[in-house]
Amino acid sequence: MVDIAEMVVLQEVDLRLDGLKRRLADLADQLQEPDSHRALSDETAAQRTRNDAVTQERKAIEAETDALREKIASEDGKLYSGQITDAKELRHLQEEVFSLRRNLRVHEERLLARIDEEEQEQAALQYLVDLGEKSRLAWDEHRAGLQSRHDEIDGEAARIRAEVEESRAKLGPADLAVYDAQRRLQQVAVAAVVGGVCGACRLSLPTTILNRARRGADAVNCPACDCIVYVR
């Protein structure tokens, strides 16, 4: 005699455990760091690289500009020291100083442009850093809620596993083997027959199947979905 009643009880807790496992798997996926965080981190790193490049270029132009100022100051000192009396040499020095001053204006304009660019890049970096911090705080709060829910469901699943073991202990080896074999094929292993209809696939059952299911002497399978059927 097949112990259909205990199979039904076991299936009920098995199905509850299946549902909890699906919820745990879904929560585990949700607990993974979002792709948007990695993308934002990559963009912030790229922005830092751009900032460093602009800063290095600004420093190089700044050094060239300072060198020009020093050279102009030195040449001015010679020009107005009164030490040079030769008119040709004096004119040549004046032309050189004028050329240096024109070059200095070009460098100063380049330096100002780089300073503006550096400020813009720094503002862009700060925006990304602030956005990253806000995103991280929001994610940490959301993740804490998900983890709490995950732990709660995991605890519930542990209790259901204990119930599963208790139910399995009540079935004989032969019945348990039949049940396990059916469960490996499909999630719903046992279904009630209501009004001559299989509770799993909702198709009408032949009279011979119904009669065998009523007797309950052995496991009877629905010819359509292969689920074990029983009559309440």
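In the predicted model, helix H2 (residues 35-79) packs against helix H3 (residues 87-169) with an axis separation of 7 Å and an angle of about 160°. Because angles over 145 degrees count as roughly antiparallel, H2 is described as roughly antiparallel to H3. The crossing of the two helices is left-handed. The residues of the contact between H2 and H3 comprise 19 nonpolar, 12 polar and 21 charged.

The largest nonpolar core consists of 24 residues. Within this core, Ile4, Met7, Leu10, Val164, Tyr179, Val190 and Tyr230 have the most contacts. Two or more residues each are contributed by helix H1 (4-30), H3, helix H4 (173-185), strand S1 (190-194) and strand S3 (228-231). H1 provides the largest share, with 9 residues. Leu10, when its neighbours within four places in sequence are left aside, is in contact with Val164, Ser167, Arg168, Leu171, Leu176 and Tyr179. Another core, of 12 residues, lies apart from the largest one and includes Cys198, Ile209, Ala213 and Val220.

With a relative accessible area of 35%, Asp226 is partly exposed.

Methods. Residues are numbered from 1 along each chain as its sequence is written. This is a predicted model: local features need pLDDT of at least 70, side-chain atom pairs count only at pLDDT 80 or more; totals for chains, interfaces and linings use all residues. Side-chain values use heavy atoms; hydrogens and water are left out. Axes are lines fitted to C-alpha atoms, for helices over the stretch in contact, and angles run from 0 to 180 degrees between N-to-C directions. Helices (H or I, at least four residues) and strands (E, at least two) are DSSP runs, numbered from the N terminus. Angles under 35 degrees count as roughly parallel, over 145 as roughly antiparallel, 65 to 115 as roughly perpendicular and the rest as oblique. A crossing is left-handed if the near helix is turned anticlockwise from the far one by less than a right angle, and right-handed if clockwise. Ala, Val, Leu, Ile, Met, Phe, Trp, Tyr, Cys and Pro count as nonpolar, Asp, Glu, Lys and Arg as charged, and the others, Gly among them, as polar. A nonpolar core is a set of buried Ala, Val, Leu, Ile, Met, Phe, Trp, Tyr and Cys residues joined through side-chain atoms within 4.5 Å. Buried means under 20% relative accessible area, exposed over 50%, partly exposed in between (1.4 Å probe, protein chains only). Contact means heavy atoms within 4.5 Å.
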